[in-house]
Amino acid sequence: MSTLSYSRWIFLLSLTALMFISLSEVESFSPIIKLDCCQNLSNRTFPRIKQCYEQKRLDCNIHAFIIKNHKGRLRCIDPKSEELRNKIKKGQLRCPPDISSPE
C-alpha cells in the first residue's frame with residue numbers, strides 16, 4: 001500500500017478548499033426566491049441583465065419574466081417580447097422558474 005507524499009496532500013487539500021469556495025459563490029445555488037407577482041408588463045428589457053426568472057407561481061395570474069439589472073432594479077417583461085426571446089434562444093440569458101411560495 002503506497003502513501004501519499006506531503007506535497008500531494010497539500011495539493012489535494014488546496015483543490016478541495018478551492019472547490020468549496022467556488023461552490024459558495026454560485027448565486028443560483030438556492031432554487032427558491034422571494035419575488036412579488038408582476039402586474040404591469042413591459043416589452044423592453046434592460047441592457048445589462050444580471051438575473052432573470054420566469055413567473056410560474058400558482059398565486060400569480062400573469063405569465064411574465066422578471067429581470068434584474070446590475071443596479072438591482074426589477075422589471076416585468078412580457079413573454080412575447082422579441083428581445084427577450086432572442087436572448088433566451090441564443091443562450092445569452094437563462095431564466096429559471098420562480099417557484100417561491102406566497103407569504
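**Entry 1: disulfides**

I began with the torsion at C37 and C60: with -75 degrees about the S-S bond, their link is left-handed. C37 lies in the loop between α1 and β1 and C60 in the loop between β1 and β2, 23 residues apart, so the pair links distant parts of the chain. For helices (H or I, at least four residues) and strands (E, at least two) I used DSSP runs, numbered from the N terminus. The S to S distance of C37 and C60 is 1.9 Å; I took a disulfide as a pair of cysteine sulfur atoms within 2.5 Å. By this rule I count three disulfides.

The model is predicted: local features need pLDDT of at least 70, side-chain atom pairs count only at pLDDT 80 or more, and totals for chains, interfaces and linings use all residues. Residues are numbered from 1 along each chain as its sequence is written, and side-chain values use heavy atoms, with hydrogens and water left out.

I then looked up accessibility (buried: under 20% relative accessible area; exposed: over 50%; partly exposed: in between; 1.4 Å probe, protein chains only). C37 is partly exposed because its relative accessible area is 24%, whereas C60 is buried at 10%.

The next disulfide joins C38 to C76, S to S 2.1 Å. This disulfide is left-handed, because the torsion about the S-S bond of C38 and C76 is about -85 degrees. C38 is in the loop between α1 and β1 and C76 in strand β3, 38 residues apart. Both C38 and C76 are buried.

C52 and C95 are joined with S to S 1.9 Å, and 95 degrees about the S-S bond makes the link right-handed. C52 lies in strand β1 and C95 in the loop between α2 (82-89) and β4, so this pair ties together parts 43 residues apart in sequence. C52 and C95 are both buried. With bonded cysteines counted along the chain, I read the pattern as 1-4, 2-5, 3-6.

**Entry 2: sheet**

I found an open sheet of four strands with mixed pairing, in the order β3-β2-β1-β4. Its edge strands are β3 and β4 (97-98), each pairing on one side only. My rule for pairing was at least two DSSP bridges between two strands.

β1 and β2 run antiparallel, joined by six bridges, and Q51 has K68 as its bridge partner in β2. β2 and strand β3 (residues 74-77) also run antiparallel, with four bridges. The partners in β3 are I77 for F65 and L74 for K68. β2 and β3 form a hairpin with four residues between them, and G72 in the turn has a positive phi of about 95 degrees. In strand β2 (residues 64-69), five of six residues are buried.

I defined a nonpolar core as a set of buried Ala, Val, Leu, Ile, Met, Phe, Trp, Tyr and Cys residues joined through side-chain atoms within 4.5 Å. The largest has eight residues: F46, C52, F65, I67, I77, L84, L93 and C95. Apart from it lies another core of six residues, among them Y53, A64, I66 and C76.

R44 sits in the loop between α1 (6-24) and β1 (49-55) and counts as exposed at 62% relative accessibility. Leaving aside neighbours within four places in sequence, R44 is in contact (heavy atoms within 4.5 Å) with R75, I77 and E83.

**Entry 3: confidence**

I checked pLDDT, the predictor's confidence in each residue from 0 to 100. The chain mean is 79, and 80% of residues reach 70 or more. Over residues 25-32 pLDDT stays under 50. Where pLDDT is low, the predicted coordinates should not be read in detail.
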